[in-house]
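User: I am new to reading protein models, and I would like to learn how to follow a few features step by step. Could you take me through them?

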Amino acid sequence: MLPAYLYVPESSDILRLLQLPHEEHLFTGFSGQSYVVVGYIADCHEVSPIYVDATLKEAKPWLNVTKNIGTLAIPDGMGRIHDTHPLFETNAAGGDLVRAVKTRHCRSNELGIPCPMWFLSHLLDASIQFNPPQYPNGFPPPVDYNIHENLVSMYDIPPAISLTDGLVTNPLDTEIMELPSSQHMDAELASLQSYGLQSPSLSFLFDFSNTGWPLASAVSASGNDDPTIPDDSNEPCDALTGSSVPADACLDIYPELAWRDSTDMWGNLPEAHRKKINRKMLTTSWLQRMRLTKALFMGSLWVGLHGNPFKISALETRRLITLSFLTALRIDGKTYAQVLDQPLTWKNGPSIGWPTMRTTMLQTFDNGKAELRKIVKASLTHLTGFCNESPDHRKQTIVKFVERFNKGLHELQKALAELTMKRVFKELTWAALFIPIDDLTSEHDSGRIADLFVEEVRTTSGCLAQDTVCNLMTLLYQSMLILLVEFDDKTAITAFKTHVKMNGDIMSALNGMYSNPMEFAAFTQTLRELPFITSENVLEITPKRKVPRHVGVGKEKRAKVLSDIKDINTNPSTQTDQHVLPNNEGFRSYRSLSDVSCPVSYFRPQVEAAAV
């Protein structure tokens, strides 16, 4: 059920609508009246729609019991802003979290008075949940109305999934009041439960509903169910056996690989075309190819191949997505020339290839950070033993860690050593890099993001690498700052460094810790254990519900608890090859032999490139 509010004239109040489990929709039992959406209510950590009796729309009596705090800009299914919506609060504190989100924009409200305007992406990036209306066109709905299709087409999400799965901040696009769409997912695919993962915690990365590409459940990703695509699932993969694939000067030969702006070509396609492409995607090798590209892109940022990932520019994002795609082709033993012969096509429709599909990945890293923050925030609780069940104790514990991060090198090192040994860091490391992903490089290979970056993830001494620890700790620090805002300490965080600046401080602190392992013996021992981490060593907190994964079946089904977690097993017998990570289940990929490089000039805007 998606939360919503209703103005009740009998009591002159805004009340929350209640839908019982057996009821079909929010307005079950209402008769005779028509209701329309007139805006949204900010209630602490969430924003939900307000319905009113359609006969009261012109009189606007709800303005007497609400306070307008600004307007909200929500993109349509094409990523464009057509209008803004009034944003209200019903009590003095309800809109505090929204007001704490800085905005440089304003619009007039329904009374013609200038007021702040927030883009939806701004609120989502601050972990404020958005609940879209089930009936944006009013209730009763039009005759041909479908709730599921409506949620998909208007908000780019399957029903009952937080909108943070699909929309994230993009400052460059918000400046022109146009946001890139996270794309449509076919309503028929919205109920898919299988994400091809052995754990649900990282499903956001490979659930292509976030980028317009549905995941296969029983359908092969190799394309052997599509008669128009050659069955290559049984062909040997040179890259996987360690032999390099012949290189081609892709960017010189194929100018369409140059990518000079972030125009959302996928979002600009007609909705009907996107639905057909989604269906087609399930039966082609493009599905697995895009999945591997995502893993390479995300992994390269977390392991530090490109410096501070929290400062990545739009230009560098386009470049890294392209490099990840070309590397994925080499791992798969293919060249771009071969891919050109396999576009996605359908009857009486145009064919599309990489130049369109790549735009579905522009928000991948932002989506990933948002979902990992959910896991971190759920881990910074009594569930993991981080604090006791008292909200005050949780707040005090987080405040103390943030203060220690900002007190100088020595205190920062002690805080890093302590946090590394806490379960929250294990949950984050597992979710970001070590969850097994089915069919990562072929129909039969289950691998982890970390397995693609063996040299970068683990040092020669067997520790989790410094760049990886630095970037994950930065995300943990950012999550703590956001929690401080949610604790109503929105002004207090101004005294602390931002997570972007803190990334450099963390790296400096880790320099001394990695150089002097005996001085930080417990820290070093923990880092030697982390490359061995498996699902037995974590609660596997799911970002959607922010609770541990359930185990057992039937009446025995329950959420995992701390007593279920086993100590990390670092028995040497689990590691027989220094060129692979422990517990890799046989997955092997020589990514470093397949890496592609290309000059940044191919990704500069045309005018800028000409000037250079």
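**Reading strands, cysteines and helices**

Analyst: In S8, the residue that His105 has as its bridge partner is Met117. Before going on, note that this is a predicted model, in which local features need pLDDT of at least 70 and side-chain atom pairs count only at pLDDT 80 or more, while totals for chains, interfaces and linings use all residues. Residues are numbered from 1 along each chain as its sequence is written, and side-chain values use heavy atoms, with hydrogens and water left out.

User: How should I read strand pairing, and which strands does S8 pair with?

Analyst: Strands (E, at least two residues) and helices (H or I, at least four) are DSSP runs numbered from the N terminus, and two strands pair if DSSP finds at least two bridges between them. Strand S8 (residues 114-119) is joined by three bridges to strand S5 (residues 67-73), and these two run parallel. Four bridges join S8 to strand S7 (residues 105-108), and this pair runs antiparallel. Met117 in S8 also stands opposite Thr71. In the hairpin of S7 and S8, five residues lie between the strands, and Gly112 takes a positive phi near 80°.

User: Is Cys115 buried or exposed?

Analyst: Buried means under 20% relative accessible area, exposed means over 50%, and partly exposed lies in between, with a 1.4 Å probe and protein chains only. Cys115, at 9% relative accessibility, is therefore buried, and Cys463 is buried at 5%. Lys347, in the loop between helix H10 (336-340) and helix H11 (354-357), counts as exposed because its relative accessibility is 71%.

User: What span should helix H8 have, and how many of its residues are buried?

Analyst: The expected span of a helix is 1.5 Å times one less than its number of residues. For the 17 residues of H8 (residues 286-302) this gives 24 Å, which agrees with end C-alpha atoms that are 24 Å apart. In H8, 17 of the 17 residues are buried, so the helix is largely enclosed by the rest of the structure. Just after H8, Gly304 takes a positive phi of about 85°.
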